[in-house]
Amino acid sequence: MFSDPQPVLDELRADYGPVVGLGFGPARMAIVGGPAEVRSLFTRPVEDFRWNHKFNALAVVVGKQSMITSDGDDWARRRGAVQTAFSRRRLNGWIPMIIEQADAAIDALPADGRHQVDLYPVGRAAILEIVVRAFFGASMADKAERFGDLMQRPQDYLELPAWKQVPHPFPIGTRGRVRADRRAFDDLVREAMGAIRDRPSPDPDDVLEVLVHDETLSEQEILDQVNTLVGAGFDTTAASLAWMLWCCGLAPDIWAALRDEADLVLGAPGEERVFDHTALNRLEVADRVVKETLRLHPAGVISPREAARDLDIAGHTIAKGTLILWSAHLAGRDPDVWDDPVRFDPDRFLDMTEDQRTAADAAWVPFGGGRRNCIGFALAQMELTLLIARLAQRLDITPPTSGKPGPVGMVVNRPKGGVPFEVSRRN
Ligand code: HEM
């Protein structure tokens, strides 16, 4: 369950239904996978749950003052401050930069001939660069690789089996090294904060700038939110891009449709075009491809929260203290909602009846829902839409096999073995 959860989840769902209780005593768990039941979690008051619970190992990496590990008024204040930084205006301002970074990644590939390239690290590096530019401004862009290196060990640590994450306060072992990387990460962020304080005029695109000037956050709170945003914001999106490439690589018609649309909307690289939200809104095929990929391969297969009181979830009783693992994977493949659920078919989102749309809206939950939904969902969707459009426009890709690989990763679900495709640049 905690190393390769997907087959276990599928089996539990098939044998026992949409809500399954497991474990005993203080280690009670409930897997919630039915769309109605998952929605019922999202519509309850956030006070019914705790994210700062005994099983939450994230705090070692992101800190105790991160919004992702806090509850109550502290969570609301931290989340509110970050939310301001993700305004629609700021998101739209990043559109040209995202296309620029997609072009830079493509331009770094061999210019002629077909080559075997693992597109997973290529996409991951591009997304890291986008995130660093968006969060810290262009002046920190040359530090993107360093940020990535310092995130690697913490991310590997979170993927370790639970028994290897047993808490201890000593500066030794993997945990000690994770803490040291976190301190080095904070030093980089402090450097960026210093540059912001010295700056005569504000940079309107920079997320950190908003946090630095927010008078409700302490320095430690800013550092914890920034670490959370980079950690939650880049591996998840990179894993989704990797799955999307597999899904489209195996469907040449869809790749061709993405390309036609991108030719029309984005124009050729170097051509004078205005890249703004109207261009993004016209990438309808790309938007459906993103949605369908996230339905089938959500980066978070299960997400944990603890019941803060006895709860009735769509007729199921869940006792206080139970660790609730709600599953975007199960909801996204629910056979009562999705026709032929494991088939990759972006057009399933077209021409839905009112009832179908309501059911699909309830079952499509890769970013969670309610007040604790993903704060970065619009950024992630925007990045994925623009990246897949530009990649389809500029690359020909051939997967090495006729089937998708299995998944790997407990915290972030990605394709086993990466995306080792034959790739050539389009003439
Ligand atoms: C495809 C990419 C992504 C996926 C699938 C994803 C998924 C999720 C999910 C399912 C949750 C809710 C977990 C729960 O119910 O407890 C969540 C929360 C969160 N996500 Fe994302 N995420 C993605 C990208 C991002 C990005 C780009 C950022 C940052 C810019 C981000 C930052 C966060 C934060 C800070 C939270 C916690 C919110 C809170 O506790 O109030 N995520 N994400």
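**Figure 1. Helix α12 meets helix α14.** In this predicted model, I254, A257, L258 and E261 of α12 are in contact with V285, A286 and V289 of α14; two residues are in contact if their C-beta atoms, placed from the backbone, lie within 7 Å. Helices (H or I, at least four residues) and strands (E, at least two) are DSSP runs, numbered from the N terminus. Helix α12 covers residues 252–266 and helix α14 residues 284–296; they pack at an angle of about 140 degrees, with their axes 8 Å apart. That makes α12 oblique to α14. Here, angles under 35 degrees count as roughly parallel, over 145 as roughly antiparallel, 65 to 115 as roughly perpendicular and the rest as oblique. Axes are lines fitted to C-alpha atoms, for helices over the stretch in contact, and angles run from 0 to 180 degrees between N-to-C directions. The contact of α12 with α14 has six nonpolar residues, no polar ones and one charged. Ala, Val, Leu, Ile, Met, Phe, Trp, Tyr, Cys and Pro count as nonpolar, Asp, Glu, Lys and Arg as charged, and the others, Gly among them, as polar.

**Figure 2. Helix α9 crosses helix α11.** The axes of α9 (residues 173–198) and α11 (residues 219–249) come within 10 Å and cross at roughly 105 degrees. That makes α9 roughly perpendicular to α11. From α9, look for R182, F185, D186 and V189, which meet L223, V226 and N227 of α11. By class, this contact of α9 with α11 has four nonpolar, one polar and two charged residues.

**Figure 3. Helix α1 has a buried side and an exposed face.** P5, L9, L12 and R13 are the buried residues of α1. A residue is buried if 20 or more other C-beta atoms lie within 10 Å of its own, exposed if 12 or fewer, and partly exposed in between, with C-beta atoms placed from the backbone. On the face turned away from the buried side, you can find the exposed residues P7, E11, A14 and D15. After α1 comes G17, with a positive phi near 100 degrees.

**Figure 4. A328 is a buried residue in helix α15.** A328 counts as buried because 26 other C-beta atoms lie within 10 Å. Leaving aside its neighbours within four places in sequence, A328 is in contact with P298, G300, V301, V365 and P366.

**Figure 5. A314 and D351 sit in loops.** A314 lies between β6 (311–313) and β7 (316–318), and its phi is positive, near 45 degrees, in a residue other than glycine. With 15 C-beta neighbours inside 10 Å, A314 is partly exposed. D351 belongs to the loop between α15 and α16 (354–363). D351 is not a glycine either, yet has a positive phi of about 50 degrees. With 8 other C-beta atoms within 10 Å, D351 is exposed.

**Figure 6. Helix α17 is largely enclosed by the rest of the structure.** Of its 18 residues, 16 are buried.

**Reading the figures.** Residues are numbered from 1 along each chain as its sequence is written. Because the model is predicted, local features need pLDDT of at least 70 and side-chain atom pairs count only at pLDDT 80 or more, while totals for chains, interfaces and linings use all residues.
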